[in-house]
Amino acid sequence: MKRNFTNGGLIIIMAALLLICTSPLAAEDKAADNMQLLIAKVKADKKLIVANNLQLTEKEAKAFWPVYESYQNELFLLRSRSLNMIKNYADNYETMTNAMAKKLLDEFMTIETLRVKLAKTYLPQFRKVLSDKKVARYYQIENKINAVLYYELAAQIPYVKTGNP
């Protein structure tokens, strides 16, 4: 089976996304500017992966990209919320209480529910501009990117300490 999904490009994007999701919030203007450049690069690289794998006609592209951009902007808000959750976990890792663990887990479940709800909300919009096969392919691309991101995050985030050896 021929694979159009370039693993090298995906790994670079995921590494950048990982940096975005695990870096401390920028306190200085220069750090904030660097973060904005990194975010812009990640967005452009992800868009290139989508474009290369969807192989849109000119007509499809004209209709697809505005929907894609809107969807990505909302996904970015969820990823920002995830960053805050991860930062909160890191800040409380050594002194984790049951109450904080519950709060973090509830936030994780809320974010995941909102992510699925967002994908469902945009599905009819994508179906208006692309065939169902191309919509399915696009959602596969998004799912693969999320899977790699979650894998990389999982490798970096330690388990909650429970007090048991």
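## Basis of the values

Residues are numbered from 1 along each chain as its sequence is written, and side-chain values use heavy atoms, with hydrogens and water left out. The model is predicted: local features need pLDDT of at least 70, side-chain atom pairs count only at pLDDT 80 or more, and totals for chains, interfaces and linings use all residues.

## Overall fold

The protein has five helices and zero strands, where helices (H or I, at least four residues) and strands (E, at least two) are DSSP runs numbered from the N terminus. The order of elements from the N terminus is α-α-α-α-α.

Of the 165 residues of the protein, 35% are buried; buried stands for under 20% relative accessible area, exposed for over 50%, and partly exposed for what is in between (1.4 Å probe, protein chains only). Among contacts (heavy atoms within 4.5 Å) between residues at least 6 apart in sequence, 75% join residues at least 24 apart.

## The largest pocket

Rolling a probe the size of a water molecule over the atoms shows where empty space is left. Here a pocket is an open set of points on a 1 Å grid over the protein atoms alone, with protein on both sides within 12 Å along at least five of seven lines, whereas a cavity is a set of points where a 1.4 Å probe fits but cannot get out. The largest pocket has a volume of about 780 Å³, the volume being the space filled by probe spheres set on the points, which are joined across faces, edges and corners.

Its lining consists of 24 residues, and M85, I86, L104, F108 and I157 lie nearest the centre; a lining residue has an atom within 4 Å of a point. Helices α3 (58–92), α4 (98–129) and α5 (132–156) each contribute at least two residues to this lining. By class, the lining has 19 nonpolar, two polar and three charged residues. Ala, Val, Leu, Ile, Met, Phe, Trp, Tyr, Cys and Pro count as nonpolar, Asp, Glu, Lys and Arg as charged, and the others, Gly among them, as polar.

## Aromatic pairs

The whole structure holds 15 aromatic pairs. Rings of Phe, Tyr and Trp (its six-membered ring) pair if their centres lie within 6.5 Å; planes under 30 degrees apart are stacked, over 60 edge-to-face, and the rest tilted. F64 and Y68 form a tilted pair, at 5.7 Å centre to centre and 35 degrees between the planes. Both residues lie in helix α3, four residues apart, about one turn of the helix, and both are buried.

F64 also pairs with Y138, edge-to-face, at 5.4 Å centre to centre and 80 degrees between the planes. This pair links distant parts of the chain, with F64 in helix α3 and Y138 in helix α5, 74 residues apart. F64 is buried at 0% relative accessibility, and Y138 is buried at 0% relative accessibility. One aromatic cluster is formed by F64, W65, Y68, Y71, Y122, F126, Y138 and Y139.

## Residues of helix α5

N146 is found in helix α5 and counts as buried because its relative accessibility is 8%. Leaving aside neighbours within four places in sequence, N146 is in contact with R79 and R115.

L153 is also in helix α5, and is buried at 9% relative accessibility. Its C-alpha atom is separated by 9.5 Å from that of I86, 67 residues apart along the chain. I141, another residue of helix α5, is buried at 3% relative accessibility. The C-alpha atoms of I141 and L54 are separated by 9.1 Å, and the two are 87 residues apart along the chain.

## A positive phi

Most residues other than glycine have a negative phi. Q55 has a phi near 50 degrees, a positive value in a residue other than glycine. Q55 is found in the loop between α2 (29–54) and α3, and it counts as exposed because its relative accessibility is 52%.
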